[in-house]
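Dear colleague,

I am passing on a structure that I would like you to look over. Please open it first, and then read the notes that follow it.

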Amino acid sequence: MQKAVLMMDYLNVSQKANSSFSHKGDKALDLSGKDKGKDYLKAPFTGIVKRIYTNANAVWLESKDKVEYADGTVDYMTVMTLHDNDVSDLKVGDVINQGEVYYQEGTRGQATGNHIHLAVGKGKFTGNGWYKNSYGVWCINNQYDVYKALFLLDTVKIINGGGYDWKKTNDLDVVNTYIVQKGDRIFM
Ligand SMILES: [Zn+2]
């Protein structure tokens with residue numbers, strides 16, 4: 001089973017969960033990467049694009065299979081990301097492999113400065129993917145604390161971890177080399 005892993009080269013939590021107006025009652029984090037530029041996000045697990053909302057270029061990626069959460073939970077997981085300036089390379093139904101670059105920091109949809117707004121939902125994609133909470137903030141359905149859901153890579157450079165108790169791993173499908181055995185069918 002895949003572990004769900006937050007894969008950016010730099011961890012820089014520029015806005016924490018349930019903080020100030022735009023994250024009030026919301027477990028989402030803002031991730032700002034190395035600097036003011038646009039760092040990439042790799043897929044935390046092998047997943048399927050379930051919805052794209054072009055207003056903020058919000059993308060919901062649902063795990064193809066159950067995954068292991070950083071806190072030991074085993075379930076499907078849905079990750080919602082916002083603010084990439086260009087998601088024209090994605091469409092609903094696309095399968096993204098764990099470790100594949102699929103999202104980038106940006107400013108699309110009321111964002112000041114390049115970052116990725118990232119939220120985790122427990123379980124599969126449901127409804128239209130999110131709801132408006134009592135503070136008027138759009139939250140992913142079945143929202144879950146990001147640091148309890150996603151491991152960090154051992155190799156991540158931490159600029160600002162937000163004070164969260166992150167768990168680390170280097171157990172990734174993309175770094176495990178599969179030895180081809182007799183009877184395997186190879187698709188190229
Ligand atoms: Zn945000």
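A residue counts as buried when its relative accessible area is under 20%, as exposed when that area is over 50%, and as partly exposed in between. By that cut-off, 51% of the 188 residues of the chain are buried. Please keep in mind throughout that this is a predicted model.

Overall fold

The C-alpha trace spans about 60 × 30 × 30 Å along its principal axes, and the chain exposes about 9700 Å², of which carbon and sulfur atoms supply 48%. Among the contacts with a separation of 6 or more, 64% are between residues 24 or more positions apart.

One of the sheets to look at

Strands E1, E16 and E18 form an open sheet in the order E1-E16-E18, with parallel pairing. Strand E1 (5-6) and strand E18 (168-169) are at the edges with a single partner strand each, so one side of each has no neighbour in the sheet. E16, which covers residues 151-153, is joined to E18 by two bridges, and leucine 153 stands opposite threonine 169 in E18.

Nonpolar cores

The largest nonpolar core has 34 residues, of which Leu6, Met77, Tyr102, Leu118, Val120, Leu150 and Trp166 touch the most other members. At least two residues of this core come from each of E2, E3, strand E6 (58-63), strand E9 (77-82), strand E11 (101-104), E12 and helix H1 (146-149), and E12 gives the most, with three residues. Leaving out residues up to four places away in sequence, leucine 150 touches Ala4, Val5, Leu6, Pro44, Ala70, Met77, Leu118, Val120 and Trp166. Apart from this core lies another, of 10 residues, including Met80, Leu82, Trp130 and Ile140.

Asparagine 141 is found in the loop between strand E14 (138-140) and strand E15 (143-144), where a relative accessible area of 17% makes asparagine 141 buried. Residues up to four places away in sequence aside, asparagine 141 touches Gly121, Lys122, Thr126, Gly127, Gly129, Trp130 and Tyr131.

Asparagine 142 is found in the loop between E14 and E15 as well, but is partly exposed, with a relative accessible area of 44%. Its phi is near 55°, a positive value in a residue other than glycine. Asparagine 18, placed in the loop between E2 and E3, likewise has a positive phi, of about 50°, although it is not a glycine, and counts as partly exposed at 48% relative accessibility. For context, most residues other than glycine have a negative phi.

With best regards

Conventions: Residues numbered from 1 in each chain as written. Predicted model: local features only at pLDDT ≥ 70, side-chain atom pairs only at ≥ 80, totals over all residues. Heavy atoms only, no water. Pairing = 2+ DSSP bridges. Helix = DSSP H or I, 4+ residues; strand = E, 2+ residues; numbered from the N terminus. Core = buried A, V, L, I, M, F, W, Y, C linked by side-chain atoms within 4.5 Å. Buried < 20%, exposed > 50% of the residue type's maximum accessible area, 1.4 Å probe, protein only. Contact = heavy atoms within 4.5 Å. Areas by Shrake-Rupley, 256 points an atom, 1.4 Å probe, with all protein chains shown as cover.
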